[in-house]
Amino acid sequence: MGGAVSLVGDIGGTNARFALVDEGSLQPRDDETVRCAQFASLEHAIRAYLAGHGNPPISQAALDVATGITGDFVQLTNGPWGFSIEQTRRAFGLERLHVTNDFTALALSVPTLAPRELRQIGGGAAVAGAPMAVIGPGTGLGVSGLVPSGDLWIPLQGEGGHTAFSPMNERETGVLQWLWQRYDHVSTERVVSGMGLENLYQALCGLDGRQADRLDPQQITRAALAAGDPYCREALDMFCAILGTAAANLVVTLGARAGCYIGGGIVPRLGDYFARSPFRPRFEAKGRFSAYVAAVPTYVILAETPALRGLATLFD
């Protein structure tokens with residue numbers, strides 16, 4: 001297809017980002033982010049994006065979604081949209097429509113990242129030929145990985161954010177007990193995500209008999225980084241610590257000695273605080289396997305549109 005253009009879309013629970021990819025390229029262009037709530041459906045959002053870019057003819061597209069994919073119909077876990085893959089393909093007259101998990105797309109991007117697009121936080125050197133782990137909090141908690149197969153990488157498609165939250169000290173146990181009063185199943189996502197940060201703040205206030213303010217994740221983060229409300233700072237510290245535990249669990253599960261890559265919409269914005277946070281000490285607190293995980297490098301993904309780049313690898 002000489003001069004063909006393909007569409008890629010990163011569909012989160014809150015925002016959707018679209019871009020075009022030229023034939024033979026892995027670099028998305030003309031990317032644009034929209035709020036999902038502004039559009040009645042995925043189809044409406046795609047049509048608005050294409051109209052804004054001259055309605056280029058596209059014969060294939062690749063989308064990632066923030067949920068598990070178990071059949072033709074896809075419903076976002078933390079977002080408003082649901083859609084049929086086949087009906088969407090037909091609506092746009094596409095030859096092919098790839099739909100994958102959002103963190104599978106992010107995992108696919110990892111081998112394409114340049115050193116300047118990563119920030120290493122602790123650990124030694126990556127072990128060549130070993131699996132990689134990928135994790136990151138945003139609206140939810142995404143989890144994936146890459147397993148080597150010769151010169152290729154096989155991405156994993158799962159829903160590891162819904163594993164059970166495992167507290168590591170008395171204070172976290174208190175948080176779990178507080179959350180049990182509200183949720184039958186307290187997943188890791190319930191404490192390591194945007195809503196998770198709110199849950200932690202409210203739980204910590206509740207445990208100490210303090211009335212929690214009505215704060216959203218951005219307000220909690222700003223207050224924490226400004227050393228304002230001590231409960232906001234404790235919530236952010238606990239958030240990073242629990243993420244460290246979850247990341248280390250993923251590393252030992254996959255044998256991911258090639259490194260653990262952290263994406264999502266929250267951690268890359270934390271800057272220097274994250275490097276000093278409880279994340280890495282907790283990551284290395286693995287009992288008899290502490291030396292094993294201490295050697296594994298962890299990287300914060302700084303690239304602007306990594307998932308879109310990962311989707312571009314799905315085109316022939």
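**Chat: sheets and helices in a predicted model**

Q: Hi! How many bridges join strand β9 to strand β12, and do they run parallel or antiparallel?
A: β9 (residues 132–137) and β12 (residues 260–262) are joined by three bridges and run parallel. Strands here are DSSP runs of E with at least two residues, helices are runs of H or I with at least four, and both are numbered from the N terminus. Two strands pair if DSSP finds at least two bridges between them.

Q: What stands opposite alanine 133?
A: That's cysteine 260 in β12.

Q: Before I go on, what kind of model is this?
A: A predicted one, where local features need pLDDT of at least 70 and side-chain atom pairs count only at pLDDT 80 or more, while totals for chains, interfaces and linings use all residues. Residues are numbered from 1 along each chain as its sequence is written, and side-chain values use heavy atoms, with hydrogens and water left out.

Q: Thanks! Back to the sheet: what's the strand order?
A: β8-β13-β12-β9-β10-β11, in an open sheet of six strands with mixed pairing. The edge strands, β8 (118–121) and β11 (152–155), each pair on one side only.

Q: Which strands does helix α7 touch?
A: Helix α7 (residues 230–254) packs on this sheet and touches β9, β10 and β12. Contact means heavy atoms within 4.5 Å. The direction of α7 makes about 155° with that of β9; angles run from 0 to 180 degrees between N-to-C directions, with axes fitted as lines to C-alpha atoms, for helices over the stretch in contact.

Q: New topic: what about the five strands in the other open sheet?
A: Their order is β3-β2-β1-β4-β7, again with mixed pairing. β3 (29–35) and β7 (96–101) each have a single partner strand, so one side of each is left without a neighbour in the sheet.

Q: How do β2 and β3 run, parallel or antiparallel?
A: Antiparallel, with five bridges joining β2 (residues 15–22) to β3. Arginine 17 has threonine 33 in β3 as its bridge partner.

Q: And at what angle do α5 and α6 pack?
A: Helix α5 (residues 194–207) and helix α6 (residues 217–225) pack at about 60°, with their axes 9 Å apart.

Q: Which residues meet there?
A: Gly194, Leu197, Glu198 and Tyr201 in α5 meet Pro217, Ile220 and Thr221 in α6.

Q: Which α5 residues are buried?
A: Gly194, Gly196, Leu197, Asn199, Leu200, Tyr201, Ala203, Leu204 and Cys205, where buried means under 20% relative accessible area (1.4 Å probe, protein chains only). Their cover includes α4 (170–180), α6 and α7.

Terms used
Buried < 20%, exposed > 50% of the residue type's maximum accessible area, 1.4 Å probe, protein only.
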